[in-house]
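Hi,

Here is the structure I promised to pass on. Have a look at it first, and then read my notes below.

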Amino acid sequence: MALNILKLPDVMLRTSLSRSSIYYKMSEGSFPRSIGLGPRSVGWLDTEIDEWIDSRITLSRSPSVSVEDEII
């Protein structure tokens with residue numbers, strides 16, 4: 001299985017989140033952690049980003065839990 005690594009602009013585009021929101025959610029533990037690629041370079045696995053997006057869709061479709069009420 002080939003792994004694809006996304007850079008920050010691609011993650012921002014796919015999730016519709018800002019840079020600061022991505023890093024804030026990472027610090028909370030509610031967003032996939034980045035992978036160090038070099039001294040000043042990070043990326044995210046596309047599969048983990050897709051799973052995060054899928055979880056947000058599932059959560060938003062749940063009648064008993066709102067996105068704001070989510071507990072991580």
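In the protein chain of this predicted model, 38% of the contacts with a separation of 6 or more are between residues 24 or more positions apart. The chain has three helices and three strands, and from the N terminus on they come in the order β-α-α-β-β-α. Out of 72 residues, 25% count as buried.

Next, the helix pair. The axes of H1 (residues 8–15) and H2 (residues 19–28) come within 10 Å and cross at roughly 90°, so the two helices are roughly perpendicular to each other. H1 makes the contact with Leu 8, Val 11, Met 12 and Thr 15, and H2 with Arg 19, Ile 22 and Tyr 23. Five of these residues are nonpolar, one is polar and one is charged.

Then there are the aromatic pairs, and the count is two. Tyr 23 turns up again here: it pairs edge-to-face with Trp 44, at 6.1 Å centre to centre and 65° between the planes. Because Tyr 23 sits in helix H2 and Trp 44 in strand S3 (residues 41–45), this pair ties together parts 21 residues apart in sequence. Tyr 23 is partly exposed at 30% relative accessible area, whereas Trp 44 is buried at 0%.

Phe 31 and Trp 52 have ring centres 4.9 Å apart and planes at 65°, so that pair is edge-to-face. Phe 31 is in the loop between H2 and strand S2 (35–38), and Trp 52 is in helix H3 (residues 46–61), so parts 21 residues apart in sequence are tied together. Phe 31 is buried, with a relative accessible area of 4%, and Trp 52 is buried with 11%.

Cheers

Definitions and conventions. Residues are numbered from 1 along each chain as its sequence is written. This is a predicted model: local features need pLDDT of at least 70, side-chain atom pairs count only at pLDDT 80 or more; totals for chains, interfaces and linings use all residues. Side-chain values use heavy atoms; hydrogens and water are left out. Helices (H or I, at least four residues) and strands (E, at least two) are DSSP runs, numbered from the N terminus. Buried means under 20% relative accessible area, exposed over 50%, partly exposed in between (1.4 Å probe, protein chains only). Contact means heavy atoms within 4.5 Å. Axes are lines fitted to C-alpha atoms, for helices over the stretch in contact, and angles run from 0 to 180 degrees between N-to-C directions. Angles under 35 degrees count as roughly parallel, over 145 as roughly antiparallel, 65 to 115 as roughly perpendicular and the rest as oblique. Ala, Val, Leu, Ile, Met, Phe, Trp, Tyr, Cys and Pro count as nonpolar, Asp, Glu, Lys and Arg as charged, and the others, Gly among them, as polar. Rings of Phe, Tyr and Trp (its six-membered ring) pair if their centres lie within 6.5 Å; planes under 30 degrees apart count as stacked, over 60 as edge-to-face and the rest as tilted.
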